[in-house]
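Here are a few friendly notes to read alongside the model. Take them one at a time, and keep the 3D view open as you go.

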Amino acid sequence: ASLELGLHSHFMQKEIYEQPKAIADTAEIFLDGGFIAENFGDDAPAIFKTINSIKILACGTSYYAALTGKYWLESIAKIRCDVEIASEYRYRDVIADDKELVITISQSGETLDTMEALKYAVAQGHTHSLSICNVMESALPRSSSLAIYTRAGAEIGVASTKAFTTQLVILFGLAVTLGRVRGHVSEADLERYADDLRQLPGSIQHALNLEPQLGVWAQKFAAKPSALFLGRGIHYPIALEGALKLKELTYIHAEAYPAGELKHGPLALVDENMPVVVIAPNDSLLDKVKANMQEVGARGGELFVLTDLDSDFTDTEGVHVIRTPRHIGVLSPIVHTIAVQLLSYHVALVRGTDVDKPRNLAKSVTVE
Ligand code: G6P
């Protein structure tokens with residue numbers, strides 16, 4: 001194992017650091033091949049023309065990728081998208097729709113609940129399915145009409161990192177592709193989206209360079225009983241993923257909320273013992289997020305702000321800021337993910353937990 005790990009202490013750390021390459025390799029599908037339906041399978045051109053909505057089924061971290069992808073699919077491709085936890089979907093009455101594309105997302109391609117949810121969808125009358133997986137020829141892509149693979153390489157750490165960010169790259173590529181097929185993406189837009197993808201590995205590298213600062217933050221989390229993660233819009237799912245990573249790796253109770261919902265309950269939890277991580281890039285929701293942060297500050301909560309260029313936050317008493325040196329734009333959720341991964345990793349180091357094999361968890365869950 002030490003040979004495989006190279007200079008890294010854990011597979012998780014190694015896999016976090018492989019992200020610039022994993023993301024560049026995955027983005028290449030679209031940068032070399034274009035945003036064309038054929039990337040998703042031979043039948044994709046025909047299927048993409050007939051569908052008018054999307055349902056994504058997944059579990060765990062892959063479910064949070066789906067929640068993020070929904071924003072791109074609806075804003076770029078203008079296609080209605082629902083996201084559902086596979087283990088819930090498979091046990092409820094559903095309304096079949098042969099114009100709906102059922103997408104499953106899975107690192108392993110073998111998660112039983114996701115597989116059963118797909119079978120259930122098909123049995124109910126859904127005819128079109130697409131699987132987004134990291135493991136070639138695994139059960140889900142073999143059972144789907146269409147398949148596309150993330151190019152993350154083998155992921156060993158139980159807590160998913162590079163599989164998640166490469167899933168996001170595919171979902172973005174899908175949104176742009178569908179947007180093009182559906183006539184909502186111009187040639188100029190295509191160029192801009194391709195450029196965003198080209199810049200992404202560099203932006204990820206910038207985020208990795210924040211590791212020492214996140215290590216300092218980790219000291220402040222390690223002794224806390226719980227933590228709150230806030231985000232808005234497309235960064236809300238990244239807050240969810242941040243809270244999941246903290247739970248999995250450090251056994252600290254963590255919850256994520258859309259920041260606007262704070263006042264409807266979770267604000268009651270906030271005191272000086274509750275670190276609050278806020279994902280606050282410089283986007284159209286920034287002023288709203290700032291107002292939510294004031295609600296936290298006024299109750300004595302300590303704020304840990306992850307942001308990007310030009311968002312005019314300053315480090316003050318009770319407000320800590322870590323900033324990536326670029327404004328990322330549409331792919332910002334992918335860049336902010338790196339910071340929450342590194343934060344949880346460092347809290348785990350301080351707490352001495354088993355980073356690569358958290359207690360009670362398995363890499364892929366092939367039982368119910
Ligand atoms: C397990 C893993 C998680 C993963 C989930 C879904 O619970 O511990 O990291 O997100 O399964 O796995 P999949 O292979 O379907 O993405």
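Which residues does Ala-175 touch, not counting residues up to four places away in sequence? Point 2 has the reply.

1. **Before you start.** This is a predicted model, in which local features need pLDDT of at least 70, side-chain atom pairs count only at pLDDT 80 or more, and totals for chains, interfaces and linings use all residues. Residues are numbered from 1 along each chain as its sequence is written.

2. **A contact list.** Ala-175 touches Trp-72, Leu-73, Ile-76 and Ala-77, with residues up to four places away in sequence left out. Contact here requires the C-beta atoms of two residues, placed from the backbone, to lie within 7 Å.

3. **The core.** Ala-175 is also, with Leu-230 and Val-278, among the residues with the most contacts inside the largest nonpolar core, which has 120 residues. The largest share of this core, eleven residues, is supplied by helix H9 (residues 162–181). Such a core is a set of buried Ala, Val, Leu, Ile, Met, Phe, Trp, Tyr and Cys residues joined through C-beta atoms within 7 Å. A residue is buried if 20 or more other C-beta atoms lie within 10 Å of its own, exposed if 12 or fewer, and partly exposed in between, with C-beta atoms placed from the backbone. In soluble globular proteins, nonpolar side chains tend to be buried together.

4. **Helix H9.** Helices (H or I, at least four residues) and strands (E, at least two) are DSSP runs, numbered from the N terminus. H9 is largely enclosed by the rest of the structure, because 19 of its 20 residues are buried. From its first C-alpha to its last, H9 reaches 28 Å, close to the 28 Å expected at 1.5 Å a residue; the expected span is 1.5 Å times one less than the number of residues. Just after H9, Gly-183 has a positive phi of about 80°.

5. Look for Ala-268 in the loop between strand S7 (253–258) and strand S8 (275–279). Ala-268 counts as exposed because it has 10 C-beta neighbours inside 10 Å.

6. Ser-364 lies in the segment after helix H14 (332–351). Although Ser-364 and Thr-111 are 253 residues apart in sequence, their C-alpha atoms are 6.0 Å apart. Leaving aside neighbours within four places in sequence, Ser-364 is in contact with Ser-108, Glu-110 and Thr-111. With 16 C-beta neighbours inside 10 Å, Ser-364 counts as partly exposed.
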